[in-house]
Amino acid sequence: MATKSYEIQLDSHIVPYSVRISNRAKFMRLVISRDRGLEIVTPKKISPSKAKRLLKDHSVWILGKIKIIYEIAEYNQFRPIVEGNRILFLGKKWSLRCDESLNPKGIFFENKAIYLNFTSLNQLDNPQAIIRNLLTGWYKNQAKEIIHHRVEYYSEKIGVQFNKITIKNQKTRWGSCSSLKNLNFNWRLIMAPPEVLDYIIIHELAHLKELNHSPEFWELVQSVCPNYRHHESWLKNYSQLLTF
Ligand SMILES: [Zn+2]
(Lines give C-alpha, C1' and ligand atoms only; values in the text may rest on other atoms or scores of the structure.)
Protein backbone atom coordinates (compact mmCIF):
# COMPACT_ATOMS: atom_id res chain seq x y z
CA MET A 1 0.00 0.00 0.00
CA ALA A 2 1.37 3.42 -0.94
CA THR A 3 -0.16 6.89 -0.57
CA LYS A 4 0.76 10.14 -2.30
CA SER A 5 -0.81 13.56 -1.65
CA TYR A 6 -1.85 16.23 -4.15
CA GLU A 7 -4.39 19.00 -4.54
CA ILE A 8 -6.89 20.02 -7.19
CA GLN A 9 -9.12 23.02 -7.85
CA LEU A 10 -12.83 22.12 -8.06
CA ASP A 11 -15.00 25.19 -8.70
CA SER A 12 -13.53 27.79 -6.39
CA HIS A 13 -12.22 25.25 -3.85
CA ILE A 14 -8.71 23.88 -3.51
CA VAL A 15 -9.26 20.30 -2.43
CA PRO A 16 -6.38 18.19 -1.10
CA TYR A 17 -6.50 14.53 -2.07
CA SER A 18 -4.37 11.45 -2.00
CA VAL A 19 -3.91 8.48 -4.25
CA ARG A 20 -3.73 5.18 -2.40
CA ILE A 21 -2.60 2.06 -4.20
CA SER A 22 -4.22 -0.90 -2.53
CA ASN A 23 -3.68 -4.56 -3.35
CA ARG A 24 -7.15 -5.30 -2.08
CA ALA A 25 -8.89 -2.79 -4.38
CA LYS A 26 -10.51 -4.48 -7.39
CA PHE A 27 -11.23 -1.25 -9.24
CA MET A 28 -10.59 2.47 -8.90
CA ARG A 29 -12.93 4.37 -6.57
CA LEU A 30 -13.33 7.65 -4.69
CA VAL A 31 -13.58 7.66 -0.91
CA ILE A 32 -14.20 10.64 1.38
CA SER A 33 -13.88 10.36 5.13
CA ARG A 34 -13.47 12.80 7.98
CA ASP A 35 -10.13 11.29 9.00
CA ARG A 36 -8.44 10.83 5.64
CA GLY A 37 -10.19 13.37 3.42
CA LEU A 38 -10.57 12.68 -0.29
CA GLU A 39 -8.81 9.59 -1.63
CA ILE A 40 -8.54 7.81 -4.92
CA VAL A 41 -8.16 4.16 -4.03
CA THR A 42 -6.81 2.19 -6.95
CA PRO A 43 -5.38 -1.28 -7.58
CA LYS A 44 -2.55 0.11 -9.72
CA LYS A 45 -0.73 3.34 -10.41
CA ILE A 46 -2.70 5.98 -12.34
CA SER A 47 -1.44 8.96 -14.33
CA PRO A 48 -1.93 12.46 -12.86
CA SER A 49 -4.13 13.42 -15.82
CA LYS A 50 -6.41 10.42 -15.29
CA ALA A 51 -6.68 11.24 -11.59
CA LYS A 52 -7.57 14.86 -12.35
CA ARG A 53 -10.21 13.87 -14.90
CA LEU A 54 -11.80 11.43 -12.45
CA LEU A 55 -12.00 14.15 -9.78
CA LYS A 56 -13.35 16.79 -12.17
CA ASP A 57 -16.00 14.34 -13.44
CA HIS A 58 -17.20 13.78 -9.87
CA SER A 59 -16.78 17.32 -8.58
CA VAL A 60 -20.46 17.81 -7.66
CA TRP A 61 -20.48 14.63 -5.58
CA ILE A 62 -17.10 15.46 -3.98
CA LEU A 63 -18.02 19.05 -3.04
CA GLY A 64 -21.41 17.89 -1.70
CA LYS A 65 -19.74 15.31 0.56
CA ILE A 66 -17.12 17.79 1.76
CA LYS A 67 -19.86 20.28 2.64
CA ILE A 68 -21.66 17.66 4.76
CA ILE A 69 -18.45 16.68 6.58
CA TYR A 70 -17.67 20.35 7.21
CA GLU A 71 -21.18 21.09 8.54
CA ILE A 72 -21.14 18.10 10.87
CA ALA A 73 -17.66 18.99 12.17
CA GLU A 74 -18.74 22.58 12.75
CA TYR A 75 -21.82 21.50 14.69
CA ASN A 76 -19.81 18.94 16.70
CA GLN A 77 -17.65 21.75 18.07
CA PHE A 78 -20.70 22.98 19.97
CA ARG A 79 -22.09 19.58 20.83
CA PRO A 80 -20.93 18.95 24.43
CA ILE A 81 -23.90 19.80 26.63
CA VAL A 82 -22.56 22.85 28.42
CA GLU A 83 -24.03 26.27 28.86
CA GLY A 84 -24.03 28.37 25.71
CA ASN A 85 -23.62 25.42 23.36
CA ARG A 86 -26.19 24.62 20.72
CA ILE A 87 -28.76 21.90 20.50
CA LEU A 88 -31.04 20.99 17.61
CA PHE A 89 -34.80 21.23 17.88
CA LEU A 90 -36.98 20.98 14.75
CA GLY A 91 -33.92 21.57 12.60
CA LYS A 92 -32.89 24.82 14.30
CA LYS A 93 -29.92 25.37 16.57
CA TRP A 94 -31.00 26.58 20.01
CA SER A 95 -28.49 27.65 22.60
CA LEU A 96 -28.54 26.06 26.01
CA ARG A 97 -29.04 28.57 28.85
CA CYS A 98 -29.42 28.31 32.59
CA ASP A 99 -31.62 30.38 34.85
CA GLU A 100 -32.13 29.55 38.51
CA SER A 101 -35.17 31.79 38.79
CA LEU A 102 -37.18 29.67 36.32
CA ASN A 103 -40.73 29.21 37.44
CA PRO A 104 -42.25 26.67 37.13
CA LYS A 105 -39.13 24.55 37.55
CA GLY A 106 -38.20 22.74 34.40
CA ILE A 107 -37.22 23.39 30.83
CA PHE A 108 -38.66 25.84 28.40
CA PHE A 109 -37.61 27.48 25.21
CA GLU A 110 -37.80 31.07 24.08
CA ASN A 111 -35.81 33.49 21.92
CA LYS A 112 -33.71 30.80 20.24
CA ALA A 113 -32.64 29.34 23.57
CA ILE A 114 -33.56 26.34 25.70
CA TYR A 115 -33.60 27.32 29.39
CA LEU A 116 -32.95 25.04 32.33
CA ASN A 117 -33.35 25.91 36.00
CA PHE A 118 -29.75 25.87 37.15
CA THR A 119 -27.48 28.78 38.04
CA SER A 120 -24.73 27.32 35.96
CA LEU A 121 -24.39 23.91 34.40
CA ASN A 122 -20.69 24.09 34.98
CA GLN A 123 -21.25 23.98 38.78
CA LEU A 124 -22.88 20.57 38.66
CA ASP A 125 -20.85 17.43 39.36
CA ASN A 126 -21.75 15.61 36.19
CA PRO A 127 -23.59 18.25 34.18
CA GLN A 128 -23.57 16.34 30.89
CA ALA A 129 -25.36 13.29 32.31
CA ILE A 130 -27.89 15.32 34.33
CA ILE A 131 -28.74 17.64 31.47
CA ARG A 132 -28.86 14.83 28.95
CA ASN A 133 -31.47 13.03 31.09
CA LEU A 134 -33.55 16.17 31.60
CA LEU A 135 -33.41 17.10 27.95
CA THR A 136 -34.21 13.59 26.77
CA GLY A 137 -37.40 13.59 28.85
CA TRP A 138 -38.34 17.02 27.55
CA TYR A 139 -37.61 16.08 23.93
CA LYS A 140 -39.68 12.89 24.23
CA ASN A 141 -42.66 14.88 25.50
CA GLN A 142 -42.30 17.39 22.72
CA ALA A 143 -41.98 14.56 20.19
CA LYS A 144 -45.16 12.94 21.51
CA GLU A 145 -47.17 16.12 21.21
CA ILE A 146 -45.87 17.30 17.84
CA ILE A 147 -45.88 13.86 16.19
CA HIS A 148 -49.49 13.20 17.34
CA HIS A 149 -50.54 16.46 15.81
CA ARG A 150 -48.76 15.80 12.50
CA VAL A 151 -50.01 12.20 12.27
CA GLU A 152 -53.58 13.39 12.68
CA TYR A 153 -53.12 16.00 9.97
CA TYR A 154 -51.53 13.64 7.43
CA SER A 155 -53.77 10.63 8.17
CA GLU A 156 -56.72 12.75 7.10
CA LYS A 157 -54.87 13.96 4.02
CA ILE A 158 -53.92 10.42 2.98
CA GLY A 159 -57.26 8.99 4.04
CA VAL A 160 -56.08 6.31 6.47
CA GLN A 161 -56.99 5.45 10.02
CA PHE A 162 -54.40 4.63 12.64
CA ASN A 163 -54.67 2.99 16.01
CA LYS A 164 -51.95 3.94 18.47
CA ILE A 165 -48.79 6.09 18.32
CA THR A 166 -45.75 5.11 20.38
CA ILE A 167 -42.66 7.28 20.76
CA LYS A 168 -39.61 5.04 20.89
CA ASN A 169 -35.98 5.30 21.83
CA GLN A 170 -34.16 3.68 18.92
CA LYS A 171 -30.64 3.97 17.63
CA THR A 172 -31.18 3.50 13.92
CA ARG A 173 -34.88 3.19 13.12
CA TRP A 174 -36.90 6.34 12.47
CA GLY A 175 -40.37 4.87 12.22
CA SER A 176 -42.32 1.67 11.80
CA CYS A 177 -45.90 0.46 11.68
CA SER A 178 -47.75 -2.76 12.40
CA SER A 179 -50.63 -4.68 10.84
CA LEU A 180 -52.73 -3.49 13.78
CA LYS A 181 -52.23 0.04 12.43
CA ASN A 182 -50.00 1.02 15.32
CA LEU A 183 -47.32 3.59 14.52
CA ASN A 184 -43.90 3.92 16.14
CA PHE A 185 -41.62 6.92 15.85
CA ASN A 186 -38.15 7.68 17.12
CA TRP A 187 -38.15 10.73 19.43
CA ARG A 188 -34.84 11.91 17.91
CA LEU A 189 -36.76 12.93 14.79
CA ILE A 190 -37.85 16.00 16.72
CA MET A 191 -34.31 17.33 16.22
CA ALA A 192 -34.60 17.10 12.42
CA PRO A 193 -36.10 19.81 10.19
CA PRO A 194 -39.95 19.66 10.30
CA GLU A 195 -40.20 18.59 6.65
CA VAL A 196 -37.97 15.57 7.39
CA LEU A 197 -40.14 14.64 10.38
CA ASP A 198 -43.23 15.02 8.19
CA TYR A 199 -41.71 12.77 5.54
CA ILE A 200 -41.22 9.91 8.03
CA ILE A 201 -44.80 10.35 9.24
CA ILE A 202 -46.10 10.32 5.66
CA HIS A 203 -43.95 7.26 4.89
CA GLU A 204 -45.41 5.25 7.79
CA LEU A 205 -48.98 6.37 7.12
CA ALA A 206 -48.59 5.42 3.44
CA HIS A 207 -47.66 1.90 4.62
CA LEU A 208 -51.14 1.60 6.12
CA LYS A 209 -52.38 1.68 2.52
CA GLU A 210 -49.46 0.06 0.70
CA LEU A 211 -47.57 -2.47 2.79
CA ASN A 212 -44.47 -2.81 0.61
CA HIS A 213 -42.11 -0.32 -0.98
CA SER A 214 -43.93 -0.87 -4.28
CA PRO A 215 -44.11 1.76 -7.07
CA GLU A 216 -47.67 2.49 -5.84
CA PHE A 217 -46.29 3.14 -2.36
CA TRP A 218 -43.72 5.67 -3.61
CA GLU A 219 -46.33 7.28 -5.83
CA LEU A 220 -48.56 7.82 -2.81
CA VAL A 221 -45.65 9.21 -0.76
CA GLN A 222 -44.67 11.56 -3.57
CA SER A 223 -48.22 12.84 -4.01
CA VAL A 224 -48.16 14.12 -0.41
CA CYS A 225 -44.43 14.80 -0.12
CA PRO A 226 -42.93 15.74 -3.53
CA ASN A 227 -39.41 16.25 -2.10
CA TYR A 228 -39.25 12.97 -0.24
CA ARG A 229 -35.96 11.90 -1.87
CA HIS A 230 -34.29 15.02 -0.55
CA HIS A 231 -35.57 14.30 2.99
CA GLU A 232 -34.38 10.71 2.77
CA SER A 233 -30.88 11.75 1.85
CA TRP A 234 -30.91 14.43 4.58
CA LEU A 235 -31.54 11.68 7.13
CA LYS A 236 -28.84 9.50 5.62
CA ASN A 237 -26.27 12.30 5.58
CA TYR A 238 -27.05 14.06 8.84
CA SER A 239 -28.47 11.37 11.14
CA GLN A 240 -25.43 11.68 13.40
CA LEU A 241 -26.56 15.20 14.29
CA LEU A 242 -29.76 13.86 15.82
CA THR A 243 -28.19 12.93 19.16
CA PHE A 244 -26.93 14.74 22.21
ZN1 LIG B 1 -41.09 1.85 4.56
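1. The model contains an open sheet of three strands in the order β9-β11-β10, with mixed pairing. Strands here are DSSP runs of E with at least two residues, helices are runs of H or I with at least four, and both are numbered from the N terminus. Two strands count as paired if DSSP finds at least two bridges between them. The edge strands, each pairing on one side only, are β9 (165-168) and β10 (175-177). From one strand to the next, the twist averages 15°.

2. This is a predicted model, in which local features need pLDDT of at least 70 and side-chain atom pairs count only at pLDDT 80 or more, while totals for chains, interfaces and linings use all residues. Residues are numbered from 1 along each chain as its sequence is written, and side-chain values use heavy atoms, with hydrogens and water left out.

3. β9 and β11 (residues 183-186) run parallel and are joined by four bridges. Ile-167 stands opposite Phe-185 in β11. Helix α3 (residues 127-158) packs on the sheet and touches β9 and β11; contact means heavy atoms within 4.5 Å. The direction of α3 makes about 145° with that of β9 (axes are lines fitted to C-alpha atoms, for helices over the stretch in contact, and angles run from 0 to 180 degrees between N-to-C directions).

4. The zinc ion has as protein donors His-203 (NE2), His-207 (NE2) and His-213 (NE2), lying 2.0 Å from it. Donors are N, O and S atoms within 2.8 Å of the metal (3.2 Å for Na, K and Ca); water is not among the atoms, so sites may look incomplete. Along the chain the spacing is H-x3-H-x5-H.

5. Helix α4 (residues 194-207) holds both His-203 and His-207, four residues apart, about one turn of the helix.
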